[in-house]
Structures are given as structure tokens and as C-alpha cells.
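Subject: Structure handover

Hello,

My notes on what was found in it follow.

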Amino acid sequence: KALRKSFSPEVVRRLIRSPDYVEVYLSPRAREIAILYADISGFTKMCEQILKDPLRIGDFINGWSYGTVDCIYDHGGAFDKMVGDCIIGLFGPPFFADTPEALVQSAAKAAVAIRTFTREFMELPKNADVKAHPLYPDLGVATGVNFCPANVGFFGPDRAYTCFSSGMNNTARLQGLAKAGHILVMDNAKAILDTSGAAYAWEGPLATQVKNVAKPLQYYMLK
């Protein structure tokens, strides 16, 4: 049950085939990973002006979050946590066998899949109230993607599988700059994608000064 909170069924089966899987794969370690933050832009306004009823809000966020995590699993990622309506995915854990190019490609593909899923989810008949509202054009998923070193593994008294690094914090800041439908990719992650031969259209380079960071964030928007 604990492993299912973070990993797809296929990964869980592979883990438990190793008798020492916690020590071999899940104890904290420093690795370079790709990180994805996905958050519903305009969610607060949506709750106040459209969904309103707490039960309706819970039903909406349940449907969206499960679908979003499925997109992460489908592209080889792990589910870190959900903070409010923000989903965090990690690409690399728990086996750390892929190249940086493969990891960033997986994160980028997951981001595109989440953007598509979010729009399709909002257009379901059960969400007709969302689509019919004047706010609808400003609603969607806002995403940040980064590639950085991190300390990854089980942490804390609840043994949560997560990671810590300044890059993790900067990914959160990057996602906070995104608007509905935007996928913002840190410049170093974009450079890795370029060397991998992946064909994406970009807007940028872009730069924004953010709080508590000495240098402006350098990033691109994936079209």
C-alpha cells in the first residue's frame, strides 16, 4: 500500500521482486532527476464562482488528480505528492537507469499529456458548468519542468517518498509563473531536450526574477 502511493503497479511489482528493495532503491540518495509541477490555473476562482459546493470541489479535484497522476505513470514517472491542487511528478526514481535525455523527454511528454487530459476533463458532460462559465478560457493546467540534482528517497516520520533540492524549489517557482495551458521548461532542461533530437516548438528565452533567488530564472515555453 505504501509503494502504491508513489509508483505505478508495474514499478511496484519490480521493486518487491528484490528482497532488499528499500535499501537498494528507496533509501535517500543524490541523483539528477527531472521534476514536473502541474497546477490548475484559476482553481481558487473556479471554486468560488463555479464549483462552490465542497462536495463538487472534491469530486472535481479527485477526477483531475487521478488522471494527472496516470499521465505521470504512463510516462515512467513517480508521484511525489499533491499540495493543494498541485501535482508533483519525479522522473528518474526509483531505478535511476535512464539518461538525462530520456528523463527530460519523459517529463515533457507527461506535461503535454497532462495539458491534453486537463482540457478533455474540463469538457466532460459532468463539468458542463465549468465549460459554460465566462472564466473557462482562463482555466487549465499550468506546468513547470526542470532537471536538477536532488536528494531522493524516503523521508520523515511518515516515510514519504520525495526529494529535496534548490532545483525542486525553483521548479515550484517556475510553475507559479505559468498560466493556463503553459508548459514552462527551465533552460538547462530545454538544452537537454535539444541535444536529444526531440522536435518541439519553443517561445523564448524568457527570464523572470523571483523571490529569494539571486539570479533570474531562465526558461522557455513549450508550445
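Helix α7 covers residues 166-177 of this predicted model. From its first C-alpha to its last, α7 reaches 17 Å, close to the 16 Å expected for its 12 residues at 1.5 Å a residue. The buried residues in α7 are Gly-167, Met-168, Asn-170, Thr-171, Leu-174 and Gln-175. They lie on the same side of α7, because they cover an arc of only 160 degrees around the axis. Turned away from that buried side is a face with the exposed residues Ser-166 and Gly-176. The N-terminal end of α7 is capped by Ser-165.

The next element to look at is strand β6, residues 183-186. Ile-183 and Val-185 point one way from β6, while Leu-184 and Met-186 point the other way. Are these residues buried or exposed? All of them are buried, whichever way they point.

Which strands pair with β6? One is β4, residues 140-155, which pairs with β6 in the parallel sense over 3 bridges. In this pairing, Val-145 stands opposite Val-185. Another is β8, residues 217-222, which runs antiparallel to β6 and is joined to it by 4 bridges. Here Ile-183 has Leu-222 of β8 as its bridge partner.

Next, the cysteines. A disulfide is a covalent bond between the sulfur atoms of two cysteines. How many disulfides does the model have? The count is 0, where a pair of sulfur atoms would have to lie within 2.5 Å. For Cys-71, the closest cysteine sulfur is that of Cys-86, and at 15 Å it is too far for a bond. For Cys-86, the closest cysteine sulfur belongs to Cys-163, and at 13 Å that is too far for a bond as well. Cys-71 counts as buried because its relative accessibility is 10%, and Cys-86 counts as buried at 8%; the cut-off for buried is under 20%.

The last notes are about the backbone. Most residues other than glycine have a negative phi, and most peptide bonds are trans. The following places in the model depart from that.

- Pro-93 and Pro-94 are joined by a cis peptide bond, with omega about 0 degrees. Pro-94 sits in the loop between β3 (86-91) and α5 (100-122).
- From Gly-204 to Pro-205 the peptide bond is also cis, and its omega is near 15 degrees. Pro-205 belongs to strand β7, residues 202-208.
- Lys-52 is not a glycine, yet its phi is positive, about 60 degrees. Lys-52 is in the loop between α3 (43-51) and α4 (54-74), and it counts as exposed at 54% relative accessibility.
- Arg-159, a residue other than glycine, has a positive phi near 55 degrees. Its place is in the loop between β4 and β5 (160-164). With a relative accessible area of 47%, Arg-159 is partly exposed.

Regards

Technical notes. Residues are numbered from 1 along each chain as its sequence is written. This is a predicted model: local features need pLDDT of at least 70, side-chain atom pairs count only at pLDDT 80 or more; totals for chains, interfaces and linings use all residues. Side-chain values use heavy atoms; hydrogens and water are left out. Buried means under 20% relative accessible area, exposed over 50%, partly exposed in between (1.4 Å probe, protein chains only). Helices (H or I, at least four residues) and strands (E, at least two) are DSSP runs, numbered from the N terminus. The expected span of a helix is 1.5 Å times one less than its number of residues. The arc is that of the directions from the helix axis to the C-beta atoms. A polar contact is a pair of N or O atoms within 3.5 Å; within protein, one must be able to donate a hydrogen and the other to accept it, and residues adjacent in sequence count only if both atoms are side-chain atoms. Two strands pair if DSSP finds at least two bridges between them.
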